[in-house]
Amino acid sequence: MSYLRTFLPWIIFAVVPASQWQWAALAGLAAAVAVIAQQRRAGAGWDALIIEAGSALYFAVLAAIAFADPHSGVRTYSAALSSAVLAVIAGGSLLIGRPFTLGIAKRTTPQEFWTLKPFIRVNTVITAVWTAAFAVTAAVLAALAHGGSGHSTASLIVQVAGFVVPMVFTVRYVAAVRARAPQH
């Protein structure tokens, strides 16, 4: 459920009709700010809100562009740009050695595991899969946009798959790692 909450702003942006992209960006921003506020009140640290913070910044910029020029060329590639931004955020978290999934995982994992190499490795793998999924999604969406189908049913299917595939991988990978872990 935490991944659904994390990506709620992006899901909202993806399902609002492209003709209303400025409102979709504003809704994405509102959702990101609401999720951050709710999660901070629930005790989440900023390390668990890397995607949410990046989302808020992205949607603030996108909304400003969209309202300043609703016919901006950015609109055509907005879906691809969204996935590319997620790839940059996720990939950046890997580059600085703080995989975005680590903060999320810490919320449901006992503290004694947080510094163990296997815990960090699992989150590095999971974050790498999310990064790759976002990058592939961005490339496919850019190709669709370039071909004139940037805001089509095919585009929506690609966007959904870009979230569902890494989410399913995450659930299955964590279950497999737990099954292989020595029992106490």
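Before anything else, I need a rule for burial: buried means under 20% relative accessible area, exposed means over 50%, and partly exposed is in between, using a 1.4 Å probe and protein chains only. Helices are DSSP runs of H or I with at least four residues, numbered from the N terminus.

I'm working with a predicted model, where local features need pLDDT of at least 70, side-chain atom pairs count only at pLDDT 80 or more, and totals for chains, interfaces and linings use all residues. Residues are numbered from 1 along each chain as its sequence is written, and side-chain values use heavy atoms, leaving out hydrogens and water.

**Entry 1: helix 8.** I looked up its length: helix 8 has 28 residues and spans 40 Å from first C-alpha to last. That is close to the expected 40 Å at 1.5 Å a residue (the expected span being 1.5 Å times one less than the number of residues). Its buried residues are S155, V158, Q159, G162, F163, P166, T170 and Y173. I then checked what they pack against, and found helix 1 (2–6), helix 2 (8–15), helix 5 (78–95) and helix 7 (117–146).

**Entry 2: T170.** Buried or exposed? T170 is buried, because its relative accessible area is 5%. Skipping neighbours within four places in sequence, I find T170 in contact (heavy atoms within 4.5 Å) with Y3, I126 and W130.

**Entry 3: a salt bridge.** I searched the whole structure and got one salt bridge (a Lys or Arg side-chain nitrogen within 4 Å of an Asp or Glu carboxyl oxygen). K106 pairs with D47, with the closest N and O atoms 3.8 Å apart. K106 lies in helix 6 and D47 in the loop between helix 3 and helix 4, so the pair ties together parts 59 residues apart in sequence. I also noted that D47 counts as partly exposed, at 25% relative accessibility.

Definitions and conventions
Helix = DSSP H or I, 4+ residues; strand = E, 2+ residues; numbered from the N terminus.
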